[in-house]
Amino acid sequence: MPKLPDQIQAFAVRLLRLQQGHIEQVRQWRNHPAVAQHMLSQGYISPEQQQAWFERIQTAADRRYYLIHWRDQACGFASVTSTDSVPLTQAEDLEAAIYFAPDSPLRGNLLAFAPALALNDACFAQLPAQRLLARVKPDNQAALRFNQAMGYRQIGEENGLILLAMNAADYQRASQSIRALLNRPGRGAVA
């Protein structure tokens, strides 16, 4: 049965499955105003809430969470979730999401695409996913441009959010130029 690995490595980034030792760092990033302003839920997350969430996800087959590393520095968080609560190994639609630490060296440059490409490649290659979905706040123009560059297309609105989707063909076509740039010698992104 296909499944996502505990470690995904591509384009000079490593995505490591979220462990107990990572969750306080992720909580601090998530609560930072620069990150929280783009989240669907704006509330402060306490250490107790974070621990309870982490314990709940240990047996969840419908989602997977990763800590993003670049040059051995933790610099972001990635997730993939089944949109209809079936296990990832059975889901046709997945929602992928990424956010970076407030001081991440990947923010605002070409390398920001590296963890998204690594995660999307794994989803399409190792799971039966037919589409990846994303929900973005309308005022988050940077996230909309980022997702559209990856191949997402707007398919509607849902609860005040812009709903985006892409299939594997859209993704492969749109991401070719980004892959080429990331794999150029001297970019430091070649895995």
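Which handedness does the crossing of α1 and α3 have? The crossing of these two helices is right-handed, where a crossing is termed right-handed if the near helix is turned clockwise from the far one by less than a right angle, and left-handed if it is turned anticlockwise. The structure is a predicted model, in which local features need pLDDT of at least 70 and side-chain atom pairs count only at pLDDT 80 or more, whereas totals for chains, interfaces and linings use all residues. Residues are numbered from 1 along each chain as its sequence is written, and side-chain values use heavy atoms, with hydrogens and water left out. Helices (H or I, at least four residues) and strands (E, at least two) are DSSP runs numbered from the N terminus.

Two packed helices are described by the angle between their axes and the distance between the axes. Helix α1, covering residues 23–31, packs against helix α3, covering residues 47–57, at an angle of about 120° and with the axes 10 Å apart; the axes are lines fitted to C-alpha atoms, for helices over the stretch in contact, and angles run from 0 to 180 degrees between N-to-C directions. The two helices α1 and α3 are therefore oblique to each other, given that angles under 35 degrees count as roughly parallel, over 145 as roughly antiparallel, 65 to 115 as roughly perpendicular and the rest as oblique. On the α1 side the contact (heavy atoms within 4.5 Å) is made by I23, V26 and R27, and on the α3 side by P47, Q50, Q51 and F54. These residues of the contact of α1 with α3 divide into 4 nonpolar, 2 polar and 1 charged, with Ala, Val, Leu, Ile, Met, Phe, Trp, Tyr, Cys and Pro counted as nonpolar, Asp, Glu, Lys and Arg as charged, and the others, Gly among them, as polar.

Helix α4 packs with helix α6 (residues 168–182) at an angle of about 140°, the axes being 11 Å apart, and the crossing of α4 and α6 is left-handed. In this pairing F113, A114, A116, L117, N120, D121 and F124 of α4 meet A168, Y171, Q172, S175, I178, R179 and L182 of α6, and the residues of the contact divide into 9 nonpolar, 3 polar and 2 charged. The end C-alpha atoms of α4 are 20 Å apart, which agrees with the 20 Å that its 14 residues should span at 1.5 Å a residue, the expected span being 1.5 Å times one less than the number of residues.

Helix α4 is mostly covered, in that 11 of its 14 residues are buried, a term that denotes under 20% relative accessible area, with exposed meaning over 50% and partly exposed in between (1.4 Å probe, protein chains only). The buried residues of α4 include F113, P115, L119, A122 and C123. N120 lies in α4, which covers residues 113–126, and counts as buried because its relative accessibility is 3%. Leaving aside its neighbours within four places in sequence, N120 is in contact with A96, L132, M150, M166 and Y171. A further buried residue is S79, which is found in strand β4 (residues 73–82) and counts as buried at 9% relative accessibility. With neighbours within four places in sequence again left aside, S79 is in contact with R64, Y65, E95, A96, A97 and L119.

Other positions are exposed. Q176 lies in helix α6 and counts as exposed at 55% relative accessibility; the C-alpha atoms of Q176 and M150, which are 26 residues apart along the chain, are separated by 9.1 Å. R71, found in the loop between β3 (63–70) and β4, is exposed with a relative accessible area of 60%, and R71 and Q20, 51 residues apart in sequence, are 21 Å apart in space, C-alpha to C-alpha.

Positive phi values in residues other than glycine were also computed. N159, in the loop between β7 (153–158) and β8 (161–167), has phi near 50° and counts as exposed at 75% relative accessibility. A12, found in the loop between β1 (7–10) and β2 (13–17), has phi near 70°, a positive value in a residue other than glycine.
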